[in-house]
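Subject: Structure for your review

Dear colleague,

Please find below the structure that I am handing over to you. My notes on it follow.

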Amino acid sequence: MKNIILFGGEGYIGKVVSEYLLQNNYNVKSYDNFIYENQPYDPFTKIKLIYEDITDRKKILSSLYSIDAVVILAGLVGDPITKKYPEYSNKINNYGIKLIIDCCFEKKIRKVIFISTCSN
């Protein structure tokens, strides 16, 4: 069985991807800081929830233990929110995403998928 982590996994796209992976017998970790105050999965699902920020290198590295593939969905998306919070947007969309990729490289994870909208 493959072990997959979704960064930003509690958003509307992440939940759909998680459901698909679970239905296809993958072990799923969902790493999210709930910036949008969305509700986490039901605690009885088989998803391991990691409530953290993507700008913490130690937390990212520890979350990648035994991971076969990474899906990056995290980010502040769209002009209104990125203009309202430019520093936070830069911290997440630039620093955080690069940090995830660097940690994957360090952990020798060869399968990394970065999903983005055209506005990210």
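The bend at a residue is taken as the angle between two axes, one fitted to the seven residues ending there and one to the seven starting there. Helices (H or I, at least four residues) and strands (E, at least two) are DSSP runs, numbered from the N terminus. This is a predicted model, in which local features need pLDDT of at least 70 and side-chain atom pairs count only at pLDDT 80 or more, while totals for chains, interfaces and linings use all residues. Residues are numbered from 1 along each chain as its sequence is written, and side-chain values use heavy atoms, with hydrogens and water left out.

Helix α4

On the definition above, α4 has a kink of about 30 degrees, centred on G96.

Buried means under 20% relative accessible area, exposed over 50%, and partly exposed in between (1.4 Å probe, protein chains only). The buried residues of α4 are S89, I92, N93, G96, I97, L99, I100, C103 and C104. With contact meaning heavy atoms within 4.5 Å, these residues pack against β1 (3-7), α2 (57-63), β4 (69-72), α3 (79-84) and β5 (111-114).

T55 is placed in the loop between β3 (47-51) and α2, and counts as buried because its relative accessibility is 18%. A polar contact is a pair of N or O atoms within 3.5 Å; within protein, one must be able to donate a hydrogen and the other to accept it, and residues adjacent in sequence count only if both atoms are side-chain atoms. The side chains of T55 and D53 make such a contact, at 2.6 Å.

Nonpolar cores and F7

A nonpolar core is a set of buried Ala, Val, Leu, Ile, Met, Phe, Trp, Tyr and Cys residues joined through side-chain atoms within 4.5 Å. The largest one has 20 residues, and I5, F7, I54, I60, L64, V70 and I100 have the most contacts inside it. Two or more residues each come from β1, α2, β4 and α4, and α4 gives the largest share, six residues. Another core, of eight residues, lies apart from it and includes I4, L6, V28 and I47.

Rings of Phe, Tyr and Trp (its six-membered ring) pair if their centres lie within 6.5 Å; planes under 30 degrees apart count as stacked, over 60 as edge-to-face and the rest as tilted. By this rule there is one aromatic pair. F7 and Y31 form this tilted pair, with 4.7 Å centre to centre and 50 degrees between the planes. The pair links distant parts of the chain, F7 in strand β1 and Y31 in strand β2 (residues 27-32), 24 residues apart. F7 is buried, at a relative accessible area of 0%, and Y31 is buried, also at 0%.

Positive phi values

N25, in the loop between α1 (12-23) and β2, has a positive phi near 65 degrees without being a glycine. K108, in the loop between α4 and β5, is likewise not a glycine and has a positive phi of about 60 degrees. N25 is exposed, with a relative accessible area of 54%, and K108 is exposed, with 69%.

With kind regards
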